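User: Could you take a close look at a single helix for me and walk me through how it sits in the protein?

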Amino acid sequence: HGGPRDTYTIMDAESSDPIVRMKAANVARICETKFDELTTEVPEQAQKLRKVLAGMVMERYVSDVCSTMRVVAVGAGTKIVSEPALANAKGEVLVDCHAEILCRRAFLRYLYAHLEACVAGGESAILERRKGYRDKYCPRNGISFHLYISTNPCGDAAVFRDERDAHSNRASRGKARVKVDAGMGGPLASNYQEDDRLVAMSCSDKVARWNYLGVQGTLLSVFLEPIYLESVTIGNDFHYEHIYRALYKRLVGTEARRPYSLHCPTLNTVDTVQFPERSAGTPDYAVNWTEGDEKIEMIKCATGKNRDETVLSRICKKELFRRYLKLKEDSIPPPLASKRKKLNDKGKYGTSAFSYSQAKAEAREHKEAKRVFNESFRERCGSAWLSNAERKDLNSFFIED
């Protein structure tokens, strides 16, 4: 290995098990190492914060047999907020502070930074717009992304990690599960379909949806082709049968909606990395970091906001929406050029004329693919996808002048 501590060089070969395991070990090692580096300023919090850790790794092939890996996003956390925290939220509250979800939101900032470079007339090291390729950006050849999670994602992948679990539980394998009221994932989603309480779908369900819709999300689908995970590496409590079912198998048969279709990332565990001790308690804070940030951002789980509540979280909906609107404004022409008629009198998107929910509705391809996925999910996983999308306090907000 050479270079910075978060960069490792891998000599690749045929897809043999030793090579796959070596890659998985490197993904885990560089994510754990990056977390150690990022938390040196908060040593009293470090062990608690790493209760569950997630990292996104970018791999770049520099030749047919050699690649480099870098950590580009990190998240750590185990809670969702309580209902009172959502009063007058206006896109400023992080509802789901589980590690995988924070990591993916931090990864969105990484994608925004590269798209902004492209739109400004520069060049991105990871994205390109291919001629005749629907006029959207996509990862360059040789670029792929790997997700690391220090333990099974909550929900279906985690509930049945013991092969000896009772036969009476087997009927609920593959079922949708939720996180409820500041807790971790576990209860069956079908029990909450008529419930008004705030819930979030489990991380198993969310990662499974990324395997169909991509990790770029709705807004960035306006600019990007779907970006799918190349691999998912689990640090502890790995059981292939349950991970495979939770993240992929239970959704086999979901109809493709071009360019969206169900993908199965390589599923790995790690048996060569010595992991730091995990906290037995549940941390009161969560963290996120994106490549280019000087330090981690601390999120208070009780509020879903930055520890300094006078500052908006850099990964909250409002901040990401602000970047989306600026990207739309600066795109000449934007990928959806016909939407330029939505420009307001000042010649730009945003302000009081254009809400977050309206922006998401513009992404029609993604919206249709999500509809297809949700129908399949209901049929195969025993519950509708429980979404907070209809809550005006969470999604019908605007960016002020």
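Analyst: Happy to. The expected span of a helix is 1.5 Å times one less than its number of residues, and helices here (H or I, at least four residues) and strands (E, at least two) are DSSP runs numbered from the N terminus. This is a predicted model, in which local features need pLDDT of at least 70, side-chain atom pairs count only at pLDDT 80 or more, and totals for chains, interfaces and linings use all residues. Residues are numbered from 1 along each chain as its sequence is written, and side-chain values use heavy atoms, with hydrogens and water left out.

Let's take α10, which runs over residues 364-381. Its 18 residues reach 25 Å from the first C-alpha to the last, close to the 26 Å expected at 1.5 Å a residue. Buried means under 20% relative accessible area, exposed over 50%, and partly exposed in between (1.4 Å probe, protein chains only). In α10, the buried residues are His366, Ala369, Val372, Phe373, Ser376, Phe377 and Cys381. They lie on the same side of α10 because they cover an arc of only 140° around the axis, the arc being that of the directions from the helix axis to the C-beta atoms. An α-helix has 3.6 residues a turn, so residues three or four places apart point the same way.

On the face turned away from that buried side you will find the exposed residues Arg364, Lys367, Arg378 and Glu379. The cover over the buried residues of α10 includes β11 (199-201), α5 (203-213) and α6 (217-220); contact means heavy atoms within 4.5 Å. Just after α10 comes glycine 382, with a positive phi of about 80°.
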